[in-house]
Amino acid sequence: MTATAVLLRRPVGTLAAIVLVLLVLVAIFAPALSPYDPLTQSVMQANLAPSAAHWFGTDQFGRDVFSRVLTGTRSSLLLGTISPAIAAIAGCALGILGGYFGGVTDRVVGRAIDLLLCFPELLLGILVSAALGPGFWELVAALGLAFLPRFARIARASTLSVRREPYIEASLSVGCRHALVIWRHVLPNVSGPIMVVLTLWVATAIRLEATLSFLGLGTQAPAPSWGNIIRDGLNNLFGSPWPIISAGIAISVTVLAFNLFGDAVRDLLDVELDE
Amino acid sequence: MSAAPVLSARHIGKDFKSERGRVVRAVDDVSFDIAPGETLALVGESGCGKSTTGRMLLRLIEPSTGQIFYQDTDITTLSAGHMRAMRRHMQMVFQDPMGSLSPRRTIGQTLTEPFEVHGVAKAADCRDRVAALLHQVGLSPEHADRYPREFSGGQRQRIGIARAIALNPKLIVADEPVSALDVSVQAQIVNLLQDLQEQTRVSYLFIAHDLAVVRHIADRVAVMYLGRIVEIGGKHQVYNTPRHPYTKALLSAVLEPEPEHTASRIILRGDVPSPSAVPSGCAFHTRCPIAEARCRVERPELREMDKGQEIACHLA
Amino acid sequence: MTPLLQVRDLVVEFRFRRATIRAVDGLDLDLDASGTLGIVGESGSGKSMASLAIMRLLPQPAGRVAQGSIIFEGRDLLALKASAMPAIRGRDIAMIFQEPMSALNPVMRVGDQITEALHLHERIGSAQAHARVMEMLELVGIPAPAERAYAYSHQLSGGMRQRVMIAMALICRPKLLIADEPTTALDVTIQSQVLDLLKRLRRTLGTATLIISHDMGVIADVAERVVVMYGGRVMETADRATLFRDPRHPYTRGLLAAIPRLRDHRRRLHQIPGSVRPAGPPRPGCPFAPRCDLARPVCAEQDPPRIVLGEGHIAACWAVAEAVS
């Protein structure tokens, strides 16, 4: 199937992918795209409604909301991708080891997964942030840990089903090492479902970043993130609703785009398996 | 058997732990030799431990007890690394020709794997060697770039055989290699295995439940029941003068496409007992038409009845 | 005597978005009351689809009977409303399958399942039903039926499950039993038991049996008449003795020669070249032509004529036609 055919058959997924590419570009070029410095305050310009000069208006300190939302894309996307990525890599490693070797290894991995799954992500994020202190990288670690069992569980389940395939035994009988068998035969079978789940957890991570920043546990003021823009905006809701509206829309669009993209990836993988 | 055996199994056994922690003895005290160029068939019904025995020879399943000698080396004591190197000499053909080939890899990639992991051929040579292998099993070199799903069952089994012979092994364990194939294709694979044996003097451990196929391909036959060998001997001995009542029943259960053949069939009563509850004494006594009181308590050991023919039965 | 089952020119097709696959192409079957007919064929021969077509249980929505008639006791089953079929299935025509494990409900006691089959078709009191079930379990050779009736399918061995399936199929005394690879999943010694049972039941109950198998040995053991199918078509039809002693179609001959025997001392088995062709769109000519030693150009182009070689002995083959004329 050619790339064009893929695009034509999944217009929604393609649209989502385009939105995601634009978001990444915005994150990279935020300083160049921002009309104002996101941190510069100007009391004279506080609480302005949207205008040609300030597209999304200004907040109570007179900072340009458009510039702040653009800059906030960075921390949201960075955290939204890094923490699930860490979780995916570490979770896959654990899940594959457990599923492949079974026995004691699997029991240890299984119990660890169960334990971590007891905590809702948000709670675990709060706990770890509380332990490590607030801050961006602390939040990355917290969410990475919170997501890890989700990936480990999926990797383990996929590994268990591939492990029973006779071609695994055939490779071993030829003389392959376990490491090669895992790399060559297990990983490709695990990576598909993991990719799908990854996109969905990216969306969740972005939501959680906003939530935790809103609670004051994520990106620290004055640096902007979508979460703390909303937090600041809430304190000044009657001054100007525009910060909340702008950051809220940014979060919704991004989360929606990742979810739709994830659905499209899953459909594509299903098609591949059918053929 | 004048030549020194390629492989000897000595009192090998396998215990599995069941879910509830009970120990299930799947294979118990099995011994046999396989001479160079010889085919030993291992026959029996499901759960008799024949596949487990075959896999233990390659240590794809670790034996719980006993020793396995490849030529003069006791392979049960080898480290994992040395055992992997040893697999050059001992290969396997699987029952399921679809499942034993990775669906994501081309035939060429699958067939290159043995060379790669044993470092015997450079990448440049591999294509030629794969082409030669494909030719040897009756396929053509262009097939190397295709995926397993593009082949029929018989062709896939040829590919599985090509992988097994890639490193010129001395022994191939063939686990029900034709039972998943269409009848009209089985003969092709049986003939191919025989041709390869003539060319390379490879030995086979041929695991099967179809006694007619075994009659055709084997030199010697071992009959297993619930983890133990109950009769072992030359093909003509076992087929012409079977001595163990189980062997007799198995042979009479073979359905041949001959309408007048059905007259004198021995029909065993009952089911094969579960390997987790092997009957006391002679495991076969629950179904045996001639069992006596002593069979229920005393386990018969293998004893030689005729030159090369051993059976485990008190009454034969 | 009118035959119990008469299938004429049955064509079964599967319609997919991209292609139409013809699984059965022009099948004729005749089965007398209390007779046994065997259909033997390899994968893709259409033998199982033919039996599902008779039960009108073809996989939906793709599968359908494109042509032909299935006359059962003088009625064309294909002309009946779909809603009329459940009354016939189980009561008049019953079926047993290859894998008795998946055909039994794992959370229902086997006795209850058999009783349920009985209640579906007969108004009968529970004491009477219980007696019938016990009698049936006894008849199919289940030891201690009163206890086994309370077992779940996973507590039974493969052979016992198949016996339960047979009991369930026969509880309403159907006139026709369709057995699709009834012993393929069983061990050889258990296969002997089950085949013996089927033969005994046919003698005692007089149920006509249509047995479907890939195994020539099973067919030779059970069936009085044999239909050999390949690629959706009938290659040869004959009574058992004729088919196995004097096969005429090159496919039947090749297949019989390819099967190893206990009493033969050939060094090499006869081999049929090539692979079994999977079912595909309707094509003219003989499906076996690409693998046939005796193939000639006409074989790939025109459907072979059906040559009558004797009483009920028919082979569809150009080479046979030439030899006879």
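Predicted model: local features only at pLDDT ≥ 70, side-chain atom pairs only at ≥ 80, totals over all residues.
1. C:D221 and C:K199 form a salt bridge, with 3.1 Å between the closest N and O atoms. The pair links distant parts of the chain, since C:D221 sits in helix α9 (residues 216-222) and C:K199 in helix α8 (residues 188-205), 22 residues apart. C:D221 counts as buried because its relative accessibility is 4%, below the 20% cut-off.

2. C:R296 meets C:E322 in a salt bridge whose closest N and O atoms are 2.5 Å apart. Here too distant parts of the chain are linked: C:R296 is in the loop between α11 (250-258) and α12 (297-301), C:E322 is in helix α13 (residues 318-324), and the two are 26 residues apart. C:R296 is partly exposed at 25% relative accessibility, and C:E322 is partly exposed as well, with a relative accessible area of 49%.

3. Over all chains, the whole structure holds 40 salt bridges. One of them joins the side chains of B:R55 and B:D175, at 2.7 Å from N to O. B:R55 belongs to helix α1 (residues 50-57) of chain B and B:D175 to strand β7 (residues 171-175) of chain B, so this pair ties together parts that are 120 residues apart in sequence. B:R55 counts as buried at 14% relative accessibility, and B:D175 counts as buried at 5%.

4. Chain B also has a network of salt bridges, which links B:D15, B:R25, B:D28, B:D29, B:R228 and B:R299.

5. Now to the contact between chains B and A. It takes 25 residues from chain B and 20 residues from chain A. The two chains bury about 1800 Å² between them, 53% of it on carbon and sulfur atoms. On the chain B side, B:R84, B:R104 and B:E113 lose the most area to chain A, together 33% of what that side buries.

6. What polar links cross this contact? There are 10 residue pairs in polar contact, both residues at pLDDT 80 or more, and 3 salt bridges. B:E116 and A:R184 form a salt bridge, with the closest N and O atoms 2.5 Å apart. On the side of chain B that touches chain A, β6 (90-93) and α3 (107-118) are the elements giving two or more residues; α3(B) gives the most, with 5 residues.

7. Finally, chain A carries a nonpolar surface patch of about 720 Å², made by A:I18, A:V21, A:L22, A:V24, A:L25, A:I28, A:F29 and A:L33. Helix α2 (residues 11-28) of chain A supplies the largest share, 6 residues. A:I28 lies in that helix and counts as partly exposed at 48% relative accessibility.

How values were computed. Residues numbered from 1 in each chain as written. Chains lettered and ligands numbered in written order. Heavy atoms only, no water. Patch = residues over 30% accessible without salt bridge, like charges linked within 9 Å, V, L, I, M, F, W, Y side chains within 5 Å. Areas by Shrake-Rupley, 256 points an atom, 1.4 Å probe, with all protein chains shown as cover. Salt bridge = Lys/Arg side-chain N within 4 Å of Asp/Glu carboxyl O. Helix = DSSP H or I, 4+ residues; strand = E, 2+ residues; numbered from the N terminus. Buried < 20%, exposed > 50% of the residue type's maximum accessible area, 1.4 Å probe, protein only. Contact = heavy atoms within 4.5 Å. Buried area = accessible area lost by both parts, 1.4 Å probe. Polar contact = N/O pair within 3.5 Å; in protein donor to acceptor, adjacent residues only side chain to side chain.
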